[in-house]
Amino acid sequence: MNVVCLDLEGVLVPEIWIAFAEEAGIPELKRTTRDEPDYDKLMKWRLDVLAEHGLGLPDAQATIAKIDPMPGARAFLDELRSLTQVIIISDTFEQFAKPLMEKLGWPTLFCNELVVAEDGTITDFAMRCPETKLTTVRALHSCGMQTIAAGDSHNDLGMILDSKAGFLFRTTDAIKAEYPELPALETYDELLAAIKAAL
């Protein structure tokens, strides 16, 4: 049995932190896993920036409510889900993702959770497991499933490389240069065709 594992941000929806950085007028929050491969380090830094500016979960959620999926993402996902099982595996957080999942037709999402104080301050974050994406595809393999994966950032590479077929999608030139063996695709039609061929 096949299951397609997709990253969320940069693949189906815009980068949440970039949108929030623009809305809040804090350009340094535009750093993502494309820029900083160490997710723990990146998140701790982000939380420090939020605290410094007195921003909490309600501020982030107000921005996220305005984000729409990328043009064509919903149709791509709907067609893909008619062909095979799909899981979105993201390093985002449940408190961020819910409005985006509604706009995408409630696909299955494996993600993490924020630790939030009563006043809305984000005090910490809880990852489901170490190396969440790679660990998840390996768990699926242990259940007798074969995975096909696509993502755009450093934190997607583990699941992409460990799957029977893996694709970079709308990634950076630096990541393309670092992993020339991985097909680098730019459109949903290309990605859908590649996944169909892998199936």
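Helices (H or I, at least four residues) and strands (E, at least two) are DSSP runs, numbered from the N terminus. The structure described here is a predicted model, in which local features need pLDDT of at least 70 and side-chain atom pairs count only at pLDDT 80 or more, while totals for chains, interfaces and linings use all residues. Residues are numbered from 1 along each chain as its sequence is written, and side-chain values use heavy atoms, with hydrogens and water left out.

To start with the overall picture, the protein has nine helices and seven strands. Its radius of gyration is 16 Å, close to the 16 Å that the globule rule gives for 199 residues, so the protein is as compact as a globular protein of that length; the radius is taken over C-alpha atoms, and the rule is 2.2 Å times the number of residues to the power 0.38. The C-alpha trace spans about 50 × 35 × 30 Å along its principal axes. Of the 199 residues, 50% are buried, a term that stands for under 20% relative accessible area (1.4 Å probe, protein chains only).

Just after H6, Gly 144 takes a positive phi of about 90°.

On a 1 Å grid over the protein atoms alone, a pocket is an open set of points with protein on both sides within 12 Å along at least five of seven lines, a cavity is a set where a 1.4 Å probe fits but cannot get out, and lining residues have an atom within 4 Å of a point. The largest pocket holds about 270 Å³ of space, a volume being the space filled by probe spheres set on the points, which are joined across faces, edges and corners. Its lining comprises 15 residues, with Tyr 39, Asp 91, Glu 131, Thr 132 and Asn 155 nearest the centre. Two or more lining residues come from each of H2 and H6, and H6 gives the most, with three.
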